Amino acid sequence: MTSAAAELPGATTIDERAVRRIAARAATEVAGVERDVQVSAQVIGAGATLRVRLPIRYPLPVARVTDECRAHLIARTEELTGLAVPQVDIEVSALVPEPPERRVR
């Protein structure tokens, strides 16, 4: 027995803008990544490549944060869009210092 969805013709397409927004949101889910993430996406067929500019909280290890972010972006983008993500290029756009501790007098 086949399902009704299998019998319907057509294909679902996902706009690059939607992929950009999903990836930008997913990047902020990684510890050490600040809010001002910029993403460009290129969707070709059933795959997407991402170029990401990340502001990273200083003094966290940059390599660790970018590796975690790359893995998270691949997993979340594939999960939410169904597109394969074979490539994620990351550029660190800024090192953002932690705010100084406030002292109460």
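Good morning. A caution first: the model is predicted.

Let me start with helix H3. H3 covers residues 62-81, which makes 20 residues. At 1.5 Å a residue, H3 should span 28 Å. The C-alpha atoms at the ends of H3 are 27 Å apart, so the two values agree.

Which residues of H3 are buried? They are Val 65, Thr 66, Cys 69, Leu 73, Thr 77 and Thr 81. Look down the axis of H3: the buried residues fall within an arc of 90°, so they line one face of the helix. What covers them? The cover includes helix H2, at 16-27, strand E2, at 47-58, and strand E3, at 84-97.

Thr 66 sits in helix H3. Its relative accessibility is 11%, and buried means under 20%, so Thr 66 counts as buried. Leave out residues up to four places away in sequence, and Thr 66 touches Leu 54, Ile 56, Ile 90 and Val 92.

Just after H3 comes Gly 82. Gly 82 has a positive phi of about 80°. As background, most residues other than glycine have a negative phi.

Now the strands. E2 and E3 pair in the parallel sense, over eleven bridges. Arg 53 stands opposite Glu 91 in E3. Together, E2, H3 and E3 make a right-handed β-α-β unit.

There is a detail on the way from E2 to H3. Pro 59 lies in the loop between E2 and H3. The peptide bond joining Tyr 58 and Pro 59 is cis, with omega at about 15°. In general, most peptide bonds are trans.

On to helix H2. H2 has twelve residues. From its first C-alpha to its last, H2 reaches 16 Å, close to the 16 Å expected at 1.5 Å a residue. Its buried residues are Val 19, Ala 23, Ala 24, Ala 26 and Ala 27. Seen down the axis of H2, these fall within an arc of 160°, so they line one face. The covering of those buried residues includes E1, E2 and H3. What about the face turned away from the buried side? That face of H2 carries the exposed residues Arg 21 and Arg 25.

Next, the core. Nonpolar side chains tend to be buried together in soluble globular proteins. Here the largest nonpolar core has 21 residues. Which members touch the most other members? Val 37, Leu 50, Val 52, Leu 54 and Leu 73 do. The elements giving two or more residues to this core are H2, strand E1, at 38-44, E2, H3 and E3.

Val 52 is worth a stop. Set aside its neighbours within four places in sequence. Val 52 is then in contact with Val 37, Gln 38, Val 39, Leu 73, Val 88, Asp 89, Ile 90 and Glu 91. Leu 73 in that list is also one of the buried residues of H3.

Last, a residue at the surface. Where is Arg 35? Arg 35 is in the loop between H2 and E1. Its relative accessible area is 76%, so Arg 35 is exposed. Arg 35 and Thr 13 are 22 residues apart in sequence. In space, C-alpha to C-alpha, Arg 35 and Thr 13 are 28 Å apart.

Conventions:
Residues are numbered from 1 along each chain as its sequence is written. This is a predicted model: local features need pLDDT of at least 70, side-chain atom pairs count only at pLDDT 80 or more; totals for chains, interfaces and linings use all residues. Side-chain values use heavy atoms; hydrogens and water are left out. Helices (H or I, at least four residues) and strands (E, at least two) are DSSP runs, numbered from the N terminus. The expected span of a helix is 1.5 Å times one less than its number of residues. Buried means under 20% relative accessible area, exposed over 50%, partly exposed in between (1.4 Å probe, protein chains only). The arc is that of the directions from the helix axis to the C-beta atoms. Contact means heavy atoms within 4.5 Å. A nonpolar core is a set of buried Ala, Val, Leu, Ile, Met, Phe, Trp, Tyr and Cys residues joined through side-chain atoms within 4.5 Å. Two strands pair if DSSP finds at least two bridges between them. A crossover is right-handed if, with the strands pointing away from the viewer, the path from the first strand over the helix to the second runs clockwise.
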